[in-house]
Amino acid sequence: MIRFLPAALAAALLAAPLAAYAADTTPREPYGIALEGFAYPYPVHLLPVVNDGEQLSMAYMDVAPQQPNGRTVVLLHGRNFPSSYWAPVIKMLSEAGFRVVVPDQIGFGKSSKPQGELHFDTLARNTIALLDHLKIDKAEVVAHSLGGMLGVRIARAYPDRVAHLILTAPIGLEDYRLYVPPTPTEKMIESEDKLTAEGYRKQLQTNYAIKLPPDAITPFIDARFNIKGSPDYPRWLRAFVSSGQMIYREPVAHEVVLITEPTLFIMGADDHNAPGRPNAPEALRAKMGQNAELAKAFAAKMPNARAEVIPDTGHLVFLEAPEKYRELVLGFLGR
């Protein structure tokens, strides 16, 4: 069972910081493209959905608290991470009395990889269909990275279903089309297919300014590269690239200030992640990824929002600064 507990990992793994790199060169037992073989921290259920005429399955965890407070939190994952990485947050919220629903969006994790393109509007409808299936009228939405863009779309399209919105290191606070020229899908597929596990590790550490021991990052490497041995890998790869095109083609930055639900941005001060930056003209790259400043500027324009910036923290805020994250989230949700 894979759990991400930063304090314990730091104590146990810092003594051998190079161990993770050896794992990059060892033979990989293939996972299925629905991450068969990759353990999640809680039981996984499947919800049938139809997207663009295609029959698909949406995977999700549904974790009940021991002492329910009558409220539900929905966690929305990022692009490069299986929803299992929410494990410490699920534990934190369930201990505080919240029911916690954790979907893998279609195209990600243990959910189906569609033949068609991914769209935020479709993912939003799927998420609402999951809430309907579970008979949840209104939920607290806590989102990370790409999930932040989806959270914005859900809050805008279904405001009556969202009680509070917490955007954790969201991407999409700028319109990347203003900086990055369009890239053909086939070129993106070729580039992603050439990426090695070691290159991916460096990419995560560089783009996300991760402040975690190397072994804490290894499950993310495994979740991506063990899939390469699957005969369905080309379909997984196309879905993964489609998610990148979705980020580029369907900006939400223009909608953020229109959100009326209580909103909290939790940003890592060192997080300057900006999808597509390497493809931008060199003169524009430095202007991209000023995420903490963007969040503060948005919050100042919104009717019911604030931004908190955690020092010495990168993109994986809830894993890198768990105690501060707990304080901010539970405080905002009224605990």
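Q: What makes helix 6 and helix 9 oblique to each other?
A: In this predicted model, helix 6 (residues 185–194) packs on helix 9 (residues 233–249) at an angle of about 120°, and their axes are 10 Å apart. Under 35 degrees would be roughly parallel, over 145 roughly antiparallel, 65 to 115 roughly perpendicular, and the rest is oblique. So oblique is the word for this pair. The axes are lines fitted to C-alpha atoms, for helices over the stretch in contact, with angles from 0 to 180 degrees between N-to-C directions.

Q: Which residues of helix 6 and helix 9 make the contact?
A: Contact means heavy atoms within 4.5 Å. Helix 6 brings Thr 185, Glu 186, Met 188, Ile 189, Glu 192 and Asp 193, while helix 9 brings residues including Tyr 233, Leu 237, Phe 240 and Arg 249. By class, that's 6 nonpolar, 3 polar and 5 charged residues.

A quick word on the ground rules: residues are numbered from 1 along each chain as its sequence is written. Local features need pLDDT of at least 70 and side-chain atom pairs 80 or more, totals for chains, interfaces and linings use all residues, and side-chain values use heavy atoms, without hydrogens and water.

Q: How do you know that strand 1 and strand 2 pair?
A: Two strands pair if DSSP finds at least two bridges between them. Strand 1 (residues 45–51) and strand 2 (residues 54–63) have 7 bridges, in the antiparallel sense, so they pass. Val 50 stands opposite Gln 55 of strand 2. The hairpin has 2 residues between the strands, and Asp 52 there takes a positive phi near 50°.

Q: What makes strand 6 and strand 7 a pair?
A: Strand 6 (residues 162–168) and strand 7 (residues 263–268) share 4 bridges in the parallel sense. Leu 165 has Thr 263 of strand 7 as its bridge partner.

Q: Why do strand 1 and strand 8 stand at the edges?
A: The open sheet has 8 strands in the order 1-2-4-3-5-6-7-8, with mixed pairing. Strand 1 and strand 8 (305–310) each have a single partner strand, so one side of each lacks a neighbour in the sheet. Neighbouring strands are turned by 20° against each other on average, direction ignored.

Q: Which strands does helix 4 lie across?
A: Helix 4 (residues 120–133) lies across strand 1, strand 2, strand 3 (72–76) and strand 4 (99–103), at about 135° to strand 1.

Key:
Ala, Val, Leu, Ile, Met, Phe, Trp, Tyr, Cys and Pro count as nonpolar, Asp, Glu, Lys and Arg as charged, and the others, Gly among them, as polar.
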